[in-house]
Amino acid sequence: MDERVFHELRKLAKDRGWEQFHTPENLAQSIAIEAGELLELFQWGKTPDAERLREEVADVLTYCYFLAMRIDEDPSELILTKLEETVEKYPRDKFYGRHEKYNEL
């Protein structure tokens, strides 16, 4: 994880006494709530305002980072591990330009 991001997130939570609320369950709920707000920007085929889109993406990422930190995981490592698994499940030659799930092809 970017050390500056890690430092600023820790500082934000600590300076406000929010660490006590950052249980995995609360953070997972917050991710879902913020993801809903992100999705709402596209509701009914709308094209979202670029600034609102950036804000909602940042909110989702912030809670994802907080959750990774809470479970003592590095978000970058989580992503890289998952990418390795995805590359294995979805070989390029078999899935290029396709959207089926790996067990449906």
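This is a predicted model: local features need pLDDT of at least 70, side-chain atom pairs count only at pLDDT 80 or more; totals for chains, interfaces and linings use all residues.
Residues are numbered from 1 along each chain as its sequence is written, and side-chain values use heavy atoms, with hydrogens and water left out. Local features need pLDDT of at least 70, and side-chain atom pairs count only at pLDDT 80 or more, whereas totals for chains, interfaces and linings use all residues.

Side chains of opposite charge can pair when their charged atoms come close. A salt bridge is defined here as a side-chain nitrogen of Lys or Arg within 4 Å of a carboxyl oxygen of Asp or Glu. A search of the whole structure finds five.

One of them joins Lys11 to Asp15. Their closest N and O atoms are 2.7 Å apart. Both residues lie in helix H1 (residues 3-16), four residues apart, so about one helical turn separates them. Helices are DSSP runs of H or I, at least four residues long, numbered from the N terminus. Lys11 has a relative accessibility of 40% and is partly exposed. This class lies between buried (under 20% relative accessible area) and exposed (over 50%), using a 1.4 Å probe and protein chains only.

Glu51 and Arg54 form another salt bridge, with an N to O distance of 2.7 Å. They sit three residues apart in helix H3 (residues 50-70), so again about one helical turn lies between them. Glu51 is partly exposed, at 38% relative accessible area.

Arg98 pairs with Glu100. The closest N and O atoms of this salt bridge are 3.0 Å apart. Arg98 is partly exposed, at 44%. Glu100 is also partly exposed, at 23%.

How values were computed: Helices (H or I, at least four residues) and strands (E, at least two) are DSSP runs, numbered from the N terminus.
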